[in-house]
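Please look at the chain and its ligand before reading on. The report below goes through the strands and then the ligand site.

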Amino acid sequence: MWAGRHVVVGVTGGIASYKTCHLVRRLVEAGALVDVVMTPAATEFVRPLVFEALSGRPVLTSLWEPGRALAHVRLGQQADLIIVAPATADFLARIAHGLADDFLSAVMLARTVPALLAPAMNDDMFAAASTQANLARLAGQGYALVGPERGSLAEGPSDRPGRMSEPETIWHHAARCLSRGSSLRGRQVVVTAGPTREHLDPVRLITNSSSGKMGFRIAQAAWHRGADVLLITGPSTEPPPIGVTVERIVTTAELDQAVRRALPSADVLVMAAAPADYRPTGSTDRKRPRTEGTLMVAFEPTDDILAGTRALRKPAAITVGFALETGGAVERATAKLERKGLDLIVANDALEPGAGFEVDTNHVIIIEAGGARIDVPMASKAVVAEAILDRIEARLG
Ligand code: CTP
């Protein structure tokens, strides 16, 4: 996504600018070409030399340096994205009113490309009526905003917004700003992830070793592409994806209910969850002592969620299933694609090292209704998620 993209990172005079160093490093590592533009006040906090070393390019600080005539227009119109982090109250006021008395504000006035602002300031300055009016005005001018968040400020702890979002959060919002041409933009995407649990008694349960990683990566990548994403997940220790609404469930029956609620408005359903296929026919509400001896448990199959909810899908919705098999993956997955009425099924082999549950990588074969097959070589689950979304977008048209 970032390789070859040209990103302008504007830095204004706030203490949070130390975090912007991490953001620049993250963008450069991801393959972006980064031009850092600093206001005169910003250079009082972090020396331009730091950003020059991180970006590998000269830092722009003044309209008046030789050879920089019209550079503000070029940057504002030819970059793929402009991020301003931190954006101080003073800077927001100036650009909200079209002032252009330094290099960065001139870039903003000339800009025709997407821009993301990460405000950072004292909590009272953020709450001030003039700052709120300026932010509303900037949103109306097409600026995207991230934060500020609650938490400690330079002057001490606060439970009110003011603190700049973390570089990782800004990075995810920036990725979403880049997605303007995606056919997922504005679409409702529902992703399920993780295992489900079926209890035998209050402390004992049957589950599987799904970690949720694949579904969480798909949810995050779909949000980057501009979708509104609902992630319905069983127990998982993965951190919640940025920007995504997360609904937590425990049992296969709860997952079924959550999918039923979400389906009528879903443009895409990606069923990456590994629901327990069996549940005990009965469970007790007290912990059974071991001294009671041999425990005989009968299990019954759970409902097939994908097959059982077909009638609730929107007519043009794209439905994606997963098939984790131990041998014969393509044949078994193709049969499931037909049985469950899917557009795509993602097949993988649980026995292949580096693929399947719990690991950070996967090797999958995407099988499409109509017979097309795409072998996605072993890669991180984030990369595999992009390959799956590419196929979903191709079918959405
Ligand atoms: N799935 C589902 N409802 C279930 C079990 C699975 O909707 N009760 C979904 C999974 O989320 C996955 C797809 O169906 O997207 C295939 O899951 P899998 O467990 O391989 O399918 P089963 O129909 O349970 O087949 P098997 O008999 O091989 O277990």
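Predicted model: local features only at pLDDT ≥ 70, side-chain atom pairs only at ≥ 80, totals over all residues.

Strand S1 covers residues 6-11 and is mostly covered, with six of its six residues buried. A residue is called buried here when its relative accessible area is under 20%. In a regular strand, side chains alternate between the two faces of the sheet. In S1, His6, Val8 and Gly10 point one way, while Val7, Val9 and Val11 point the other way. The residues of both groups are buried.

Which strands pair with S1? One is strand S2 (residues 33-38), which is joined to S1 in the parallel sense by six bridges. Within this pairing, Gly10 has Val37 in S2 as its bridge partner. Between S1 and S2 the chain passes through helix H1 (residues 17-29), and this β-α-β crossover is right-handed. Strand S3 (residues 81-87) also pairs with S1 in the parallel sense, over four bridges. Here Val7 stands opposite Leu81 in S3.

**The sheet of eight strands**

An open sheet has eight strands in the order S10-S9-S6-S11-S14-S15-S16-S17, and its pairing is mixed. Why is one side of S10 and of S17 left without a neighbour in the sheet? Strand S10 (245-248) and strand S17 (373-380) stand at the edges and have a single partner strand each, so one side of each has no neighbour there. On average, neighbouring strands of this sheet are turned by 20° against each other, direction ignored.

Further in, strand S11 (residues 268-271) and strand S14 (residues 318-325) run parallel and are joined by four bridges. Val270 stands opposite Val320 in S14.

**The ligand site**

How many residues surround the ligand? There are 15, and the closest are Met271, Ala273, Asp303, Lys336 and Lys340.

| Residue | Protein atom | Ligand atom | Distance |
|---|---|---|---|
| Thr302 | N or O atom in the side chain | nitrogen | 3.5 Å |
| Ile305 | polar backbone atom | nitrogen | 2.9 Å |
| Lys336 | polar side-chain atom | oxygen | 2.6 Å |

On its own, the ligand has 570 Å² of accessible area, and the protein covers 80% of this.

Notes:
Residues numbered from 1 in each chain as written. Heavy atoms only, no water. Pairing = 2+ DSSP bridges. Helix = DSSP H or I, 4+ residues; strand = E, 2+ residues; numbered from the N terminus. Axes fitted to C-alpha atoms, helices over the stretch in contact; angles between N-to-C directions. Buried < 20%, exposed > 50% of the residue type's maximum accessible area, 1.4 Å probe, protein only. Right-handed = clockwise from strand over helix to strand, strands pointing away. Near = heavy atom within 4 Å. Polar contact = N/O pair within 3.5 Å; in protein donor to acceptor, adjacent residues only side chain to side chain. Areas by Shrake-Rupley, 256 points an atom, 1.4 Å probe, with all protein chains shown as cover.
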